[in-house]
Amino acid sequence: MNRPRGATWRRTATIAVVVVCVGYAPIAMTELWPYAHRGAPALGEWLLSRAVSPRYVADAFATRIGPYGRSLAAMIFHSVLGGLLMLLGPAQLFSAIRRRIRLHRVLGVVYALTVYASMAGAAIYLARTAPRDAFSGPAFWIVLATLLVGTVLSVTFGILAAVGTFPDLHQRWMLLSYAYLMSAPLLRLEWSALPVLLPGLSLADVNRIAIMHLGAVVTLGALIASRAMDKRDTAPGVRGTWVPMPVLAVAHVAGAAGLAWIVTSSLGWGATGFRLLAAYLIPFAAAYVTMFVCQRRAGRDGRSWAREEWRLHLAALCLAPLFSAAAALLFERFTGLDRPTALTAGVAIGCGMLAFAATTVVSLRVMFGRELRKRERLTIAAPRPEPASRLADERSVAATTATVVRTRTERR
């Protein structure tokens with residue numbers, strides 16, 4: 001009954017993640033069976049048809065027969081291994097497993113190999129599917145490709161951090177990789193919830209709304225988990241800040257300019273644009289408030305390392321709208337997408353990619369701090385050379401003494 005409030009919330013959040021992952025695992029594993037064998041059980045479709053309507057499900061998945069048929073084996077391989085990842089990830093969260101180093105490493109190797117194999121199946125699907133044929137169109141294809149690259153790179157950097165004996169960075173990268181994977185079960189939850197809140201939406205419409213904020217939601221979850229598992233007030237060699245107030249102010253101004261462009265562009269597309277804009281702004285504002293309050297609180301409590309990490313991610317979040325606006329213009333110019341689709345794609349990948357960039361900067365910060373500490377230890381341990389003037393004086397005294405001795409000897 002006297003358990004600290006923070007510990008209670010961490011345990012509640014862990015249990016919620018485990019429940020979602022374990023519940024989604026059989027859905028992921030059976031999702032594509034009906035495309036291989038008509039009438040095969042698909043738990044996800046069965047639940048969705050009862051949560052919304054059979055027509056809602058039938059209309060959505062009927063359009064997937066052609067695109068999935070061209071890469072069916074790869075997609076089934078991807079989905080089955082994706083279900084396995086939903087079980088492997090939570091297993092690594094339990095402290096009892098993390099304390100058993102050998103078991104933790106074995107599960108980690110299995111997790112990494114499963115990620116690579118599962119993402120290979122997804123890559124085959126994306127390579128064989130034109131962006132216009134993807135579920136919900138080119139914007140969704142771009143999001144899937146970005147998630148694939150981000151997941152693979154996060155796992156790779158996590159492995160390199162473990163090999164380089166950076167356990168704190170290893171933890172952050174692996175949490176980020178799993179956060180990207182969590183976009184799949186969260187998307188399925190929105191398939192059931194959004195039609196209840198906004199009746200009349202098709203599943204393709206739900207996808208477009210969901211991708212507007214899933215990047216911000218899952219990466220914020222990874223950051224909160226990282227901070228909850230890192231109890232240090234300071235980090236070795238990390239002094240000062242890489243995000244002083246002028247830099248943070250510039251990030252706010254740049255982000256505000258990008259956000260203004262996104263808002264004005266979205267409001268020009270009627271109800272659809274307003275709906276997509278709301279789906280982006282509300283989670284974005286929640287993430288901003290969380291990071292801003294946490295970095296202020298950490299600074300007030302004297303936890304310099306926590307403050308620095310929160311501020312780095314806050315600066316990245318502020319820059320996300322500017323990145324999204326620039327990406328939208330590039331998509332429109334070089335891929336032939338219309339302005340609404342290009343903007344949807346740019347917004348959908350902005351927060352996720354900037355969170356990846358912030359984690360990279362955090363890693364560089366930690367590595368730079370360790371190198372600084374190493375140099376300081378070498379400086380302290382090295383013998384200090386005698387000053388040149390002192391050596392000259394000693395040599396002069398020795399020479400004078402020798403001359404006096406020699407002169408007295410000659411006189412005798």
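## A tour around helix H13

Start at the second largest cavity, which has a volume of about 80 Å³. A cavity is a set of points on a 1 Å grid over the protein atoms alone where a 1.4 Å probe fits but cannot get out, and lining residues have an atom within 4 Å of a point; the volume is the space filled by probe spheres set on the points, which are joined across faces, edges and corners.

The model you have open is predicted, so local features need pLDDT of at least 70 and side-chain atom pairs 80 or more, while totals for chains, interfaces and linings use all residues. Residues are numbered from 1 along each chain as its sequence is written, and side-chain values use heavy atoms, leaving out hydrogens and water.

**Stop 1: the second largest cavity**

Select Arg172, Leu176, Thr219, Ala222, Leu223, Ser226, Glu309, His313, Ala355 and Thr359 to show its lining. Which helix gives the most to this lining? H13 does, with 4 residues, and H10, H16 and H17 each supply at least two as well. (Helices are DSSP runs of H or I, at least four residues, numbered from the N terminus.) Colour the lining by class and you will find 4 nonpolar, 4 polar and 2 charged residues. Here Ala, Val, Leu, Ile, Met, Phe, Trp, Tyr, Cys and Pro count as nonpolar, Asp, Glu, Lys and Arg as charged, and the others, Gly among them, as polar.

**Stop 2: the largest cavity**

The whole structure has 3 cavities of 30 Å³ or more, and the largest has a volume of about 120 Å³. Select Ala216, Thr219, Leu220, Leu223, Ala287, Met291, His313, Ala316, Leu317, Cys351, Leu354 and Ala355, which line it. H13 supplies the largest share, 4 residues, while H15 (270–300), H16 and H17 each bring at least two. By class, this lining has 10 nonpolar, 2 polar and no charged residues.

**Stop 3: H13 beside H17**

Now show H13 (residues 214–229) with H17 (residues 339–381): their axes come within 6 Å and cross at roughly 30 degrees. That makes H13 roughly parallel to H17. (Axes are lines fitted to C-alpha atoms over the stretch in contact, with angles from 0 to 180 degrees between N-to-C directions; under 35 degrees is roughly parallel and over 145 roughly antiparallel, with 65 to 115 roughly perpendicular and the rest oblique.) Pick out Gly215, Ala216 and Thr219 of H13 against Cys351, Gly352 and Ala355 of H17, which make the contact (heavy atoms within 4.5 Å). These residues are 3 nonpolar, 3 polar and no charged.

**Stop 4: H13 beside H16**

On H13, the contact uses Leu223, Ile224, Ser226 and Arg227; on H16, Trp305, Ala306, Glu309, Trp310 and His313. In this contact 5 residues are nonpolar, 2 polar and 2 charged.

**Stop 5: H9 beside H17**

Finish by showing H9 (138–163). Its axis and that of H17 come within 9 Å and cross at roughly 10 degrees, so H9 and H17 are roughly parallel. Among the contact residues, find Ile142, Thr146, Gly150 and Phe157 on H9, and Thr344, Ala348, Met353 and Phe356 on H17. How many charged residues does this contact have? There are none, alongside 11 nonpolar and 5 polar residues.

How values were computed:
On a 1 Å grid over the protein atoms alone, a cavity is a set of points where a 1.4 Å probe fits but cannot get out, and a pocket is an open set with protein on both sides within 12 Å along at least five of seven lines; lining residues have an atom within 4 Å of a point.
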